[in-house]
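Reader: I'm new to looking at protein models. Could you walk me through how to read a few features?

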Amino acid sequence: MEKHIFLLILLFLIQYYSINISLASSNETDQQALIAFRNLITSPSHFLVDNWTKNTSFCSWFGVTCSSKRQRVVALTLPNLNLQGTLSPSLTNLLFLSVLNLRNNNFHGDIPYGLGHLPRLRVIDILNNQLQGSIPTSLFQHQRIQIISLAYNKLSGEMWKGPWYVPELRVLNLRNNSLTGIIPPSVGNATKLMNFSLSGNRITSNIPKEIGNLSQLAFLDLHDNQLTGSIPVTLFNISSLLVVSLRINSLSGPLLLGEGNIVSNMMFLSISHNQISGPIPKNICQLTKLKVLSISFNKITGDIPRNIGCLSKLEELYIGDNPIKGTIPTSIGNISTLRKLYCGNNRIVGQIPLELGKLSNLRQLSFEQNYNLTGQIPEAIFNISSLEIIDFSSNNLSGRIPTTTGIHLPNLEGLFLGSNQLEGEIPLFITNASKLEILALANNFLTGSIPTNLGNLRELRYLFIHTNQLNNEPREHELRFFDSLVDCRMLRYLQVGSNPLNGVLPNSIGNLSSTIENFNIADAHINGFIPTGIVNMSGL
């Protein structure tokens, strides 16, 4: 009996000491891995060298988190510390590592290949460093990985085109690198993916239709690549999708939303700077939550849908630089949330609807270079106090600029009405628009004298009023509007030529801002002497 008890005690002691020896050995492995990592980097004031010492438990080191049971490293979190150096392969010995966060530092060199084989790894975040080389392919076949964030580095090489098996992946952020290759159809296997960003790389080929299998996807950003082919209809079947950015690629074919009812929560859709053709979809109204729609710089044809006002939550609408024709739909005036409306360089014709004057939150209104907009600009537009940009240049508009223009435009920064058929005088109240930086009224039939209070526009940088019928004030010999412009100390371009000014340049020319680079008074019937002070315009 005593013999049996002795044997049991001996067996317990052997197991106890073997476990402790194993734990000690494992702990030593983690400590050695961290020391090797520390030895390859430098930190400001060498604080890691001072903090990571063998005199204290590595579990108490700055940025290190250990499990309470085994005292093994489960997280290495050292973001925003300006650390410099390379990533030691010893990190692959941290077998219990779950989180690696080294974002916003200056690490360079390769990502250790073995990181993708760490069995418990959930998060690898080394965003915004100087890493080079390729991404370990094992990361795309990791059963537990949830976040891969390697954006803003110098990574290159092909995206892993083999089968992806990342059943737990939620975030894949590889934007702003130099990655090549394709998006493989097996991306559809990452069914828990919520954030997928490859923007700013060199990815080619089509967007696979299997991307429609990503039923939890909320954010898709593939802009600024070399993608070709059409936009998969399956994208619009993902009800969780909020943001889609595909701009600056070579995508082609029509924009199709699919048939039948769409349950969409999409708030942002940008496909600008592609080769998309065909009309704006008739069922665009099914994107009821849309706040930003950008389809500019494509080959889209047809008219703007008459019922475009159905997008009642729209804040920004960019449809310019397409061969879109027809007239401006009056229903746009029903989108009370609209802040930016860009329809420049299309083929839109007809009059500007009065309903645009109801857009009380509008900040940018641009219909330049349509060439065939006619009639008068509705006066109500000049009463929208939130407006920062008004651009109707290069059209066939007529009538007068309302005399009250400027009174209700405290936020106006740019007024572009050049190259039309406008007549009448430059409104004196324009100087109430105290934030105005660009006043472009050239190539019209404006008459009367140039206002002598333009100096109140202290932010003015560009004044284009050339090629009109403007003249000097009656009974004035000198061109007194120059006296006022002396107060425009930020002025860079001053173009008043091709007007029958019939006057003398005043001596105040020498006091004009030295920031002026371009001064045009050609063909303006100027007489008398050239003031000697003109040599003070040192920025010309």
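Reader: Let's start with Cys310: is Cys310 buried or partly exposed?

Author: Keep in mind that this is a predicted model. The idea is to look at relative accessible area, where under 20% counts as buried and over 50% as exposed. Cys310 has 30%, so Cys310 is partly exposed. Cys285 comes out at 19%, so Cys285 counts as buried.

Reader: Okay, and how many disulfides does a search of the whole structure find?

Author: To call a disulfide, you look for two cysteine sulfur atoms within 2.5 Å. The search turns up 2 disulfides here. One joins Cys59 to Cys66, with S to S at 2.1 Å, and both of these cysteines are buried. Another joins Cys285 to Cys310, at 1.8 Å. Cys285 sits in the loop between strand S18 and S19, and Cys310 in the loop between S20 and strand S21, so this pair ties together parts that are 25 residues apart in sequence.

Reader: What about the handedness of the link between Cys285 and Cys310?

Author: Check the angle about the S-S bond: for Cys285 and Cys310 the value is -85°, and the link is left-handed. The link of Cys59 and Cys66 is left-handed too, with -90°.

Notes:
Residues numbered from 1 in each chain as written. Predicted model: local features only at pLDDT ≥ 70, side-chain atom pairs only at ≥ 80, totals over all residues. Heavy atoms only, no water. Buried < 20%, exposed > 50% of the residue type's maximum accessible area, 1.4 Å probe, protein only. Helix = DSSP H or I, 4+ residues; strand = E, 2+ residues; numbered from the N terminus.
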